[in-house]
Amino acid sequence: MEIEKIKLFDNCTKPIVSAGPCSAESEEQVMQVASSLAGKGVTFFRAGIWKPRTKPGCFEGVGKEGLAWLRRVRSELSLPVATEVATPEHIEQCLEAGVDILWVGARTTANPFAVQDIADALRGVDIPVLVKNPVNPDLELWIGALERLNNAGIKQLGVIHRGFSSYGEKIFRNSPQWQIPLELKRRMPHIPMLCDPSHIAGKRELLSLLSQEAMDLNFDGLMIETHCYPDCALSDSRQQVTPAELFVILDRLVHRSSKSEGNEISRYRTLLDEIDGELMRLIAKRMQIAREIGEIKREKGLTVFQPFRYNEAMERFAAESALRSLDVEAMKDIFEVIHSESIRQQLRIVNDIK
Ligand code: PEP
Ligand code: MN
C-alpha cells in the first residue's frame, strides 16, 4: 500500500488528540464544546452527524444541518473538524462543507460493499480518512478496508482502534484485544494509529487507564468523546467527559520512550530471546518423543488420543502452574496447544502421512 503522511498531523506533538461530542446535537452545543477545546492542544474536533444506532428510534444524528456548525468550528475557532461517513451522499455533503478529516465507523468497516461505495465516492479526492476497526475482531477485514480506499487513490490513511464487540456482561463495552491493532502496526509501521478509549470503555471511569495503556503501547494519538454536559448527551452519555476532565486525563499521561536501544531493557530482551530459544529446543525435543510414542501406538494398534492420559497430564500441569505462581488458565491454554500439536504429529505417523 502506498501511504502518505497525514499533513494535518505534521508538527503535532504526540499524542495527536481528537476530542468532541459523540454526536453534534445543536449549534450551541457544538460551539460550546469546541470553544472549550480550541487553542489547548487538541489536534482536531470530532462530532458525529449521522449516527449508526443499534436500535431504531434512538437519536440518529442531526444530519447535514450539522455540517454548517462544523464549518463554524473550522472558521471561527481554527479547529480542523472530522465526522463519520457511511454512504456516498455523506461524502458528497462533507466535501462540500469542507470537512477536514473523514472517518469510517466500525459497523461500516465490517461491510466491504459499503467500504467500496465509500472508496468509489472518494476517487480522485485528497482527504485524510481514518478507518475504525470492524466491530468483529478481524484484522484482514480492517486491512481490506484500507486497501479498498488506497486502491481508490486515498493516500492519507490512518486507523482508530475502538475495541471489538462481544456478547454478555463484561468490563469493557468493546474489548480492547490489543494484539490486533499491534499486529496491524507491525505490518504497517507508518500508518498513524489512534486509540478511541471512549468506545472501548463505555464508561468514563476507565478512560484514564485505557489512554495510558494506549500510550504505553506506542499509539500515536487518542480520540476521546467530550461533551459539556455528558449526562444529558443524546448518545453515549456514560462514556463522555467534560472538556475539563479531558484535560485532566491528558495532563496525567506519562510519556515513556519507545526507543529501547542502549537502555537496560535491551539486556533483558536478550535474556528473553535466549529463554525463547530454550523453549523451542524443549518443544522440538518433546515432539520428537511424541513421534516415537506414535510409532509404538501404530505398532500396537492403540488410539492416538487417550483421554485418561490427557486428563492426568492436565492435572499435573495445573498443579505445577499453581506451585510456580503461574496463571493456571493461561498455562492450560499453552499446554493444550502443545498437546494438540503432539497429537497431530502422532496422527501423521499412525496414518503414514509423510
Ligand atoms: C463514534 O465515534 O461515535 C462511533 C459511532 O464510533 P464506532 O464506529 O467506533 O462505534
Ligand atoms: Mn459515540
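First, some ground rules. The model is predicted, so to speak computed throughout, with local features needing pLDDT of at least 70, side-chain atom pairs counting only at pLDDT 80 or more, and totals for chains, interfaces and linings using all residues. Residues are numbered from 1 along each chain as its sequence is written, chains are lettered from A and ligands numbered from 1 in the order in which they are written, and side-chain values use heavy atoms, with hydrogens and water left out.

**The overall picture**

The chain has 354 residues, and 46% of them count as buried; here buried means under 20% relative accessible area, exposed over 50%, and partly exposed in between, with a 1.4 Å probe and protein chains only. Its C-alpha trace spans about 80 × 45 × 45 Å along the principal axes. You'll find domain 1 at 7–252 and domain 2 at 263–350, with bounds that come from an automatic or database domain assignment. Their centres, taken over C-alpha atoms, sit 43 Å apart.

There are 13 helices and 8 strands to look for. Both are DSSP runs numbered from the N terminus: helices are H or I with at least four residues, strands are E with at least two. Take the contacts between residues at least 6 apart in sequence: 72% of them join residues at least 24 apart, where contact means heavy atoms within 4.5 Å.

A19 stands opposite F45 in β2.

**The manganese site**

Ligand 2 is a manganese ion, held by C22 (SG), H199 (NE2), E225 (OE) and D236 (OD) at 2.1 to 2.4 Å. Donors are N, O and S atoms within 2.8 Å of the metal (3.2 Å for Na, K and Ca), and since water is not among the atoms, sites may look incomplete. The spacing of these residues in sequence is C-x176-H-x25-E-x10-D. C22 lies in the loop between β1 and α1 (27–37) while H199 is in helix α8 (residues 197–201), so this pair ties together parts that are 177 residues apart in sequence.

**Cysteines and a buried leucine**

The structure holds 0 disulfides, a disulfide being a pair of cysteine sulfur atoms within 2.5 Å. For C228, the nearest cysteine sulfur is that of C232, 11 Å away.

L139 is found in helix α6 (residues 139–151). Leaving aside neighbours within four places in sequence, L139 touches I180, E183, L184 and R187. L139 and P181 are 42 residues apart in sequence but 7.9 Å apart in space, C-alpha to C-alpha.

Here are some buried residues:

| Residue | Relative accessible area |
|---|---|
| C22 | 1% |
| H199 | 9% |
| L139 | 12% |
| C228 | 17% |

Notes: Two strands pair if DSSP finds at least two bridges between them.
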